[in-house]
Amino acid sequence: MLYGIAAATTALLLSAVLAGLLRVPALRLGLVERRQRQRRVPLSGGLAVVLTTCLVAIAGDRWGYAPLGDGVGALLPAAGALAGLGLIADVWRLKARFLVLGTAVAAAVVVPYGDTGPWAGALAVAWITFVALAFRSLDHADGVAGTVGVVTAFGAAACAALEVLDGVAVLLSVLAAALTGFLMHNWPPARVALGACGSLFAGFLLAAAAVTVRAGGGAGEGAGVLFALTAVAAADAVLVAVARRLAGRPLLRGGPDHLAHRLRRLGLTPQGAVVLLGAAAFAGVVVGTLVHTGWAGPRAVWWVAGGALAVVLGLLRVPVYGPPRARGSAYDASRARAARRDPRMYGPRRQSESLGVRPGSGDRRVGRDESAQVNGFLRVRNG
């Protein structure tokens, strides 16, 4: 117990220090994300969280202070490999389909098929991939991904401890402490952000650890517990997907249409939006933990699902995309396309038409007079 507390304290301090030290190199290398148009936020926080979690967990296991045991298995190596893929995406703007494929491959490596079976294992791979990408989507605003990640990590660690999976509990506790240290720099207004590196790492580790804890239990109850533990991330992903589908926008195109953006539109401050989403994540985690331990029935998960559905339907009514283009703009665009196809029909107007003078009624004299006036005006302006 004392060793776990010491490991968590070390992770918190190390993550806070690394997030601050890596900020300047990230700014110089251009590893930044623009938020609120004028503010550049370095994406060095994710690398600090990944390095801290891996270093503290491996050191504790090697020195025997906080042994991970056999329960972790390929969990930490797969998460580290996915973090490397996310770092590549942060530096070179990797396409989203490569991130989806890499996350699915990493999830397929860590799922315990012996406990879940082939069909439930395939569903677990899809769920881990979905949650990891949803956590990446949560990094759209200051403090959101870190706060939700800390709350979820503590809930999943409690479930692992109750199942006597001490290695998984220690790993999740270290992750929660590392995210807490990162939040010292990410609380609004943020000085660093997770980026794809840190958000994919945290989301994958949380989802895969939760699947490991629930493996071997009932399929229906296990699905409910997994959803309750990650309800906020799932609601944000569903909200964005439905909103973009209804608006006819590409699914992978970014926009101010996430949970925190819509809460800001309703008048909440950035700090207030983070606190509200953290409270919602805490409520879901509490329900999931109670159902996992048997202190609450599986029907309690329906309250979380109903609340998430109500939030999604309510926030869909908040306008975030702006008014549609006017009809005249569409007409001008179609006219320009027609002009490129047939310049003779939609070519530039004649000089007589632009001056409002009929041909043959002194148009040459008008042109000379206007040219003289323009030349005189230019001479006066130019001295």
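Helices here are DSSP runs (H or I, at least four residues), and strands are too (E, at least two), numbered from the N terminus. You're looking at a predicted model, where local features need pLDDT of at least 70, side-chain atom pairs count only at pLDDT 80 or more, and totals for chains, interfaces and linings use all residues. Residues are numbered from 1 along each chain as its sequence is written, and side-chain values use heavy atoms, leaving out hydrogens and water.

**Stop one: a threonine**

Select helix 7, residues 118-138, and pick out Thr-129 within it. Is Thr-129 buried or exposed? Its relative accessibility is 9%, so it counts as buried, which means under 20% relative accessible area with a 1.4 Å probe, protein chains only. Now show Val-125: its backbone oxygen sits 2.8 Å from a polar atom of the Thr-129 side chain. Leaving aside residues up to four places away in sequence, Thr-129 touches Val-100, Thr-103, Ala-104 and Ala-107 (contact means heavy atoms within 4.5 Å).

**Stop two: a cavity**

Next, select Ala-156, Cys-159, Ala-210, Val-213, Arg-214, Val-225, Leu-229 and His-292, which line the largest cavity. A cavity is a set of points on a 1 Å grid over the protein atoms alone where a 1.4 Å probe fits but cannot get out, and lining residues have an atom within 4 Å of a point. Colour helix 8 (144-162), helix 10 (195-214) and helix 11 (219-229): each gives two or more residues to this lining. Which helix gives the largest share? That's helix 10, with three residues.

Note on methods: 1 Å grid on protein atoms, 1.4 Å probe; cavity = no way out; pocket = protein on both sides within 12 Å on 5 of 7 lines; lining within 4 Å. Buried < 20%, exposed > 50% of the residue type's maximum accessible area, 1.4 Å probe, protein only. Polar contact = N/O pair within 3.5 Å; in protein donor to acceptor, adjacent residues only side chain to side chain.
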